[in-house]
Amino acid sequence: MKVVLILLIPLFSIAQSSYYPETQKVYTYHANVNVTYILKLLDSSYYEFFKCNKSKVEYDFGNYRIYDKDEFYLESAYIKDRFNFLIYEDKLLINERGIYPSQLAKIRNKNELMKIAANSDYDKAYDFNYITDTICNELSEFRLGRTNPSINKAKELFIKQAMEISPDYADILKKYYCGPGYYTSYIGDQKIKWDNDLSETSLNKLSGTVLHESVHGFNRLEYDTVSRQWLHWFCIGPGKNIKVKYYKYYHSRHFYPIIPKIVKDSVFRYQTYVGIKAKTMGSNVRGILGLMNEYTAYMNDARISLDLFNKAYKKNDTINSKVFLHAVSDVYSAYYQFNLFIAYYLKYGKEKVKKSYEAAFENKNLRIAYTVATKEFKSIVDEFYAIIEAQPELKDRYVAYRLSEINVEKEYLEKEKSILEEFKVTDLTPEIYVRNVDVAKSK
Ligand SMILES: [Zn+2]
């Protein structure tokens, strides 16, 4: 049984235009003051379709076709989540002024379904809500009104536990806590509620996940009034924090044409984080910054679980050793998977979105963040393998199953190694490290 945890990652309020793909034409339909549809026709016959209302932005994309100069068809990439609006109209006609349901409407320029709009009025980021004039921020609503006493009790216990591993981790939990009762858990497609189980073993099973979700809170955007720019915080290890310049990324899902089918089919985090179904995930919407957000969350998740394992193992606590080692085995695979996603992101950028790729490359702290987090994550993975090798009795059926899951990842990551190596910084001297990685001021 695979449990997938999905957090509604906060999407902050800054408008960014994206490099890819170029918008050719924009058509809009203001259904009423609370609902607006925006259809963008892009290069290479792609379209993007947005529906904004007060609480969310819905998204659809696919290919469009124009036959006989004005017959217009949309083919959504989605089977279930496509928009009904326009898609199911029998025949649509398009011209420079609008999209119409009939020839008569087109000739009279009346009863149009959508009207042409100025591109410059609709050039904000993918998750920009044109009704509220903000980028969606789902998490803030999600976190309100948590008064269940078990939730607070669990929080206290997780902070106490983290303190024994790293005071910096405890600080993150104190300030950005996101534990059971906050996030949404799924088993398959089934949403499950936390059962308020405060027993030690049950909570220990969640220690890594709680830090993971709380790191998402720490990994925030902040406006720096001195340099007058937006900066993205990343926790790249216990006590290691870095601020990265927010730059013009593109949507992760654009790299899907270059991903081999076997990777799409067998890398189990693909659909959750960067596949076309992951429409609202930060790892998709925020490009490499979103991928780094997940990558660092998983790395810290694995770090605390491994440290907790070592502690329990030293105390001959066999039950909890097993719990924590299983937790490591659940997440160490993210090392291979997110490196693969980042590699595809960079590879696609280098070939097709050069300006954005160059901006990522010039973003020194982004590369330092990737370099340091990768070194940290790699050492966790190596340590995990070494433990199992030295103590074969720890490699039970569960761990063995987890180990068998990532053969494709390993094989394909090997093929993409060079672009990741190129992205790493090679001149990370102690001076640069101290200057750029903010070790002290984590709060
Ligand atoms: Zn996450």
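Hi all, this is a quick tour of how this protein packs together.

First, this is a predicted model, where local features need pLDDT of at least 70, side-chain atom pairs count only at pLDDT 80 or more, and totals for chains, interfaces and linings use all residues. Residues are numbered from 1 along each chain as its sequence is written.

The protein comes to 18 helices and 17 strands, taken as DSSP runs numbered from the N terminus (helices are H or I, at least four residues; strands are E, at least two). Of its 443 residues, 39% are buried, meaning 20 or more other C-beta atoms, placed from the backbone, lie within 10 Å of a residue's own.

So what sits in the middle? The largest nonpolar core has 80 residues; a core here is a set of buried Ala, Val, Leu, Ile, Met, Phe, Trp, Tyr and Cys residues joined through C-beta atoms within 7 Å. Helix H10 (residues 287–314) gives the largest share, 13 residues. Ala302 is among those with the most contacts inside this core, and the residues Ala302 touches, leaving out those up to four places away in sequence, include Val328, Tyr332 and Phe377; contact means C-beta atoms, placed from the backbone, within 7 Å. There's also a second, separate core of 20 residues, including Tyr27 and Phe49.

Now helix H4 (residues 167–176): which residues are buried there? Asp168, Tyr169, Ile172 and Leu173. Among what covers them are helix H3 (149–165) and H10.

Notes:
Buried ≥ 20, exposed ≤ 12 C-beta atoms within 10 Å, placed from the backbone. Contact = placed C-beta atoms within 7 Å.
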